[in-house]
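This report covers the ligand site and the nonpolar cores of one protein model. The sequence and structure come first.

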Amino acid sequence: MTAFSLDAPTRRPSAHEIPLAQIDVSKPILFQTDVVGDYFARLRREDPVHYCAESANGAYWSLTKFDHIVQADTNHQALSSDSKWGGIAIQDLNSIEAAVPIEMFIAMDPPKHDQQRRAVSPAVAPGNLKLLEPIIRARAGEILDALPVGEEIDWVDLVAIELTTMTLATLFDFPWAERRKLTRWSDVTTASPETGIVASFEQRRDELLECAMYFKALWDERAKAPPQPDLISMMAHAPATRDMPFVEFMGNLLLLIVGGNDTTRNSISGGVVALNQAPDEYRKLMSDPLARIPGMVSEIIRWQTPITHMRRTALQDVEIGGKTIAKGDKVVMWYLSGNRDDEVIPQPDEFIIDRPNPRHHLSFGFGIHRCMGNRLAELQLRIVWEEIAKRFRQVELVGEPQRTYSNIIRGFTALPVKLHAH
Ligand code: HEM
């Protein structure tokens, strides 16, 4: 009897056994069980521009090589992000936006995308980040000082979510005591009943309406007051955004909340997992934390790749890697796979905190939609790691990380750790 037949009824074939045509890398379970890397490795080797004819989200192309992804991400003329074709995730925007129409500039093409992005981007420009740095640092220090040393704690809940939420609250100048509302609204924005975050689409709609009312009140207040360097005030005063319809106002706010939430949260957790899997790198870090942290931050963002993919829709036939993608087709750029492409990144599966050129990765995308908050994300992670290294000689992983059930957010739902003081 072969090993294969022993458990055949329930066993999932491995990435190497399944016929190429049947590979569907969009199944959330592959990410939750952390086996999707094997599928991507096979596609990069055997069929880097891969067509999947049937999936829960219909037919789609997968781009798995670094250079093909850059080629697609910079060709916004032919490959659209517009929500009217389904938007920027493999799951069509309209299928989860049921009952709450939301317009965000990440899911728009030029010229409207460019106008709205220009209006809000000063909030995360270097000058404003300098103003934010001491506030973020002080608040990060308070959160870390309150943690129990030597006891098992959940890093995701007590540290990653808390630190990320506090930065968002700082960016929006959001009422401090109510800041966890931001976390909840971010989770709800991307939730459907199958995620367990909401019980129904009606619940999702009601919570998002509450969010809308809350922000409407903040907006009205700040529109009447003189301009301030927080995101709401900036949008309420900038000519490109101050008269926008309510759905767009809400969409852009939610984009900033969601954009800075799961991504930074999972980078903070991903760093802990990576350092525990590579103890020599942890030692290297602690031998000179201030010098090592800036490079390490970029390496964490590459290694974790908190957003696994962005999707586009072809407005005309496009050739990539010798294949013709037809007008109307769905194209998925798998950043997670491109970041493991050894033709561009040496030893891509290794976590190496002092790589040369560490910002050369795909985690922030490329082209006109390249992450608007990338410098803020790096700043936040730098501060967090500087403050962690000051206080703790080790954040020790003491159990199995629990991973998120999602094909777009790559992250953790729980991470048991123990803190060891210097
Ligand atoms: C866009 C990743 C943090 C705001 C994006 C895109 C990715 C991404 C992949 C789409 C790029 C493309 O289509 O080419 C990340 C990662 C982060 C992070 C990995 C943290 C490690 C943030 C933060 C903010 C933010 C902190 C908050 C200000 C945005 C916005 C867009 C965006 C507004 C839309 C840009 C546009 O369409 O022009 N991000 N992000 N992100 N991100 Fe981030």
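Asp73 places a polar side-chain atom 3.0 Å from an oxygen atom of the ligand. In the side chain of Arg117, an N or O atom is 2.7 Å from a ligand oxygen atom. Phe366 takes part through its backbone, with an N or O atom 3.2 Å from an oxygen atom of the ligand. A polar contact here is a pair of N or O atoms within 3.5 Å.

The model is predicted: local features need pLDDT of at least 70, side-chain atom pairs count only at pLDDT 80 or more, and totals for chains, interfaces and linings use all residues. Residues are numbered from 1 along each chain as its sequence is written, and side-chain values use heavy atoms, with hydrogens and water left out.

## The shell around the ligand

Around the ligand are 30 residues, of which His113, Arg117, Arg312, His369 and Cys371 come nearest; a residue counts if one of its heavy atoms lies within 4 Å. By class, 16 are nonpolar, 10 polar and 4 charged, with Gly counted as polar.

Elements that each supply at least two shell residues include α6 (112–120), β5 (309–314) and α17 (374–391). Helices are DSSP runs of H or I with at least four residues, and strands are runs of E with at least two.

## Nonpolar cores

The largest nonpolar core has 83 residues, and Trp155, Phe172 and Phe351 are among those with the most contacts inside it. Helix α8 (residues 155–172) gives the most to this core, 11 residues. A second, separate core of 26 residues includes Ile69, Ala72, Leu79 and Tyr335. A core joins buried Ala, Val, Leu, Ile, Met, Phe, Trp, Tyr and Cys residues through side-chain atoms within 4.5 Å, buried meaning under 20% relative accessible area (1.4 Å probe, protein chains only).

Conventions. A polar contact is a pair of N or O atoms within 3.5 Å; within protein, one must be able to donate a hydrogen and the other to accept it, and residues adjacent in sequence count only if both atoms are side-chain atoms. Buried means under 20% relative accessible area, exposed over 50%, partly exposed in between (1.4 Å probe, protein chains only).
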